Amino acid sequence: MTTVLIANGPNLNRLGTREPDKYGSTPYEELAALAMQWGAERGLEVVMRQTNDESELVGWMHEAVDSEWAVILNPAAFTHYSYALRDACAMVTGAGLPLVEVHLTNPHAREEFRHTSVVSGVATGTIAGFGTDSYRLALAAVAGA
Ligand code: DQA
């Protein structure tokens, strides 16, 4: 069975109450339950994690390489400036493992600083702008990968 690490970056633990006009009203725990269900429907084992800590996120990318896990990553604000995370993501795709970058919102339709993703260039692909459905679509992409 393919294992997929869904790694979520800073502030995503506040989903549900954080700027619901942008990020929706689904709490993080509910998204986690949905992701488990969507994964199971596609024969994927889902490991869902969230951290506000850049180094922890980098460590999880190393763990994915060592464990041969596919990765779905919402890097949150780290998307826009974390070269350390980018380099860790490059190790995932460099090892031949799929890495799908996801965003709830469409960063390109928002403030200019969000238009840059330092992660996209080393991701297998990016899904953005579909709310929690971005995660469902990313799981479908991994299942088909
Ligand atoms: C986000 C978009 C980022 O710009 C932002 O910093 C986030 C969430 C999204 O899922 O839409 O925290 O990654």
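A salt bridge here is a side-chain nitrogen of Lys or Arg within 4 Å of a carboxyl oxygen of Asp or Glu. With that in hand, Glu 19, Asp 21 and Lys 22 can be read as linked in a network of salt bridges.

A word on the ground rules. This is a predicted model, where local features need pLDDT of at least 70 and side-chain atom pairs count only at pLDDT 80 or more, while totals for chains, interfaces and linings use all residues. Residues are numbered from 1 along each chain as its sequence is written, and side-chain values use heavy atoms, with hydrogens and water left out.

Back to the network, then. Lys 22 pairs with Glu 19, their closest N and O atoms sitting 3.0 Å apart. Lys 22 also meets Asp 21 through a salt bridge, at 3.8 Å from N to O. As for accessibility, buried means under 20% relative accessible area, exposed over 50%, and partly exposed in between (1.4 Å probe, protein chains only). Lys 22 comes out partly exposed at 36%, and Glu 19 is partly exposed at 35%. Asp 21, at 65%, counts as exposed.

Glu 63 has 28% relative accessibility and counts as partly exposed.

Searching the whole structure turns up seven salt bridges.
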